[in-house]
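My notes follow the order in which I looked.

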Amino acid sequence: MTDAAPRRRGRPSRTQTEAAPATRDRILDAAREEFSERGYEKTSVRGIAKAAGVDSALVHHYFGTKEQVFEAAIEVAFAPALAAPVAVEDGPLDGVGERLTRFIFGIWENPATRAPLLAIVRSAVNNETAAAVFRRLIAAQLLRRIAQQLDLPDAELRAELAAAQLVGVAMLRYVIRVEPLASADLEPIIARVAPVVQGHLTLP
């Protein structure tokens, strides 16, 4: 009786390939957890593979480099925020500041969507590679789409200034947790921030 042939590394088995959607999702879930707990620099493809219960070659097979794994992971985690352009177009232009402000802060207020956003922001702040991936995602899938809804001069700059206002407040409230902003009721914050966002988006 001969010993079974050892499993070859590097190429996913037929069983793994057939289970691709579930395996891919498991890798993405593990990647988000690893990036959240360890940050971009201390996370490795090997560590993601171990957390997902797969061979590291399988991570490379589905996603490529660590940078590409990070991009795929944060795109899924950032998906709720990518609906922001709908908040811009869904109503009159003179109320766009409040709609966008309320939409973005609503995502941050929800614990289910706040946790992955915190992981994204922390990785982007601490590592230039992660920051570059985050910038590409923001520029291509969020800011340009918001700008297209405005149909105003300097629309991309307007969208970037509005985003800077919202991201700055979100950083202080949810990431750095500066008091009294971190503990303040949300409605007064929206009342103060929304007119500024409105001005960035629509004033001459």
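**Largest pocket**

The model is predicted, so I kept to pLDDT of at least 70 for local features and 80 or more for side-chain atom pairs, while totals for chains, interfaces and linings use all residues. Residues are numbered from 1 along each chain as its sequence is written, and side-chain values use heavy atoms, with hydrogens and water left out.

I read the volume of the largest pocket as about 600 Å³. Its lining has 30 residues, and F78, F134, I138, A163 and V167 are the closest to its centre. A pocket here is an open set of points on a 1 Å grid over the protein atoms alone, where a 1.4 Å probe fits, with protein on both sides within 12 Å along at least five of seven lines; lining residues have an atom within 4 Å of a point. Volume is the space filled by probe spheres set on the points, which are joined across faces, edges and corners.

I noted the elements that each supply at least two lining residues: α7 (96-109), α8 (111-126), α9 (128-150) and α10 (155-175). By class, I found 28 nonpolar, no polar and two charged residues in this lining. Nonpolar covers Ala, Val, Leu, Ile, Met, Phe, Trp, Tyr, Cys and Pro; charged covers Asp, Glu, Lys and Arg; the others, Gly among them, are polar.

**Second largest pocket**

I got about 180 Å³ for the second largest pocket. Its lining counts 13 residues, with R32, E33, S36, P116 and A119 nearest its centre. α2 (20-42), α5 (66-77) and α8 give two or more residues each. α2 gives the most, five residues. The classes here are nine nonpolar, one polar and three charged.

**Whole chain**

I counted 11 helices and zero strands. Helices are DSSP runs of H or I with at least four residues, strands are E runs of at least two, and numbering starts from the N terminus. Of the 204 residues, 41% are buried, meaning under 20% relative accessible area with a 1.4 Å probe and protein chains only.

**D55**

Where is D55 found? I located D55 in the loop between α3 (45-52) and α4 (56-63). Is D55 buried or exposed? D55 is buried, because its relative accessible area is 13%. I also checked its side chain: a polar atom of D55 lies 2.8 Å from the backbone nitrogen of A57.

Note on methods: Buried < 20%, exposed > 50% of the residue type's maximum accessible area, 1.4 Å probe, protein only. Polar contact = N/O pair within 3.5 Å; in protein donor to acceptor, adjacent residues only side chain to side chain.
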